[in-house]
Structure formats: structure tokens, C-alpha cells
Amino acid sequence: ALVAPLSDADAGAALWLGQMRRFAAAAAAMPNARVLDAEQFYGNPAGTLQAAASLLGMPANAPAIDTVVSGPLFTTYSKRPGLAFDNAARLERRDQLAQTLAGELAEAQDWLAGQAPDAAAMLGALAKAALV
């Protein structure tokens, strides 16, 4: 039987779902593993780096962490390193894209609701393994 091709939104949702299922399976296979929430990391990079150092049994060198957080890794746009870019700019860009892509995001969420009723539970399990 022929299967109708997926829309871009549904194909993106399917790709995301496949990646997340594999990631969740890897995390479940390693019960001591921790996952890094990008929103948490970019919202509080110093605190997240300190938590990671603590988890790994490493000294949390505050001046070194401050140097990293105030350096180009957190102050420039990765795709255009000469462009100033911080978490506030990232959040603004994310919110603008959410408005621009609202229809596609809703379509993807509808696809996930129909194809992956376990998605919320999977995300909940990953949240329990979060670093902070």
C-alpha cells in the first residue's frame, strides 16, 4: 500500500520523535546518566556548569566558569560569531519563530498526539534525569 508523504511539519515531528525515543532509551539504559536541559543551561549557564562540576566530582572553579560564561560561547551567535547574541536574544528569536511557525508547530503537535501518546511520559522520564 502506498503511504501518503508527510508534510514538513509531520516529518519534523517524526524525526524529533525518533531522536527523542532513542535518547530516552539511552538514558534509561544508563540510570546514573544525567541529561542537560538547554533552556536551563542557557538560562543559568554558571549554575548549570557548577552543578555539572559537582556531579562529576570536580572543583567548581568560579572564576573559570565566569570567564566561560562571559566569553564568546555565551555572548555571540554560533552561526555568525561576529554577531552579539545572548540568552535574551535567543529567547526573543525563539518566540518570534514560534509565532511565524505557529501553524506548523500545531500540526506537528497534532501528529505527535495521534502517533505518540507516550511522548509526554517519555519527556517526563527524561526530566527526572535532568542535571538540575
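The model is predicted, so local features are reported at pLDDT of at least 70 and side-chain atom pairs at pLDDT 80 or more, while totals for chains, interfaces and linings use all residues. Residues are numbered from 1 along each chain as its sequence is written, and side-chain values use heavy atoms, leaving out hydrogens and water.

**Fold and dimensions**
- The chain has eight helices and two strands, taken as DSSP runs (H or I of at least four residues for helices, E of at least two for strands) and numbered from the N terminus.
- From the N terminus on, the order of these elements is α-α-α-α-α-β-β-α-α-α.
- The radius of gyration is 18 Å, well over the 14 Å that the globule rule gives for 132 residues, so the chain is more spread out than a compact globule; the radius is taken over C-alpha atoms, and the rule is 2.2 Å times the number of residues to the power 0.38.
- Along its principal axes, the C-alpha trace spans about 60 × 40 × 20 Å.

- Buried residues make up 22% of the 132 residues, where buried means under 20% relative accessible area with a 1.4 Å probe, protein chains only.

Terms used: Buried < 20%, exposed > 50% of the residue type's maximum accessible area, 1.4 Å probe, protein only.
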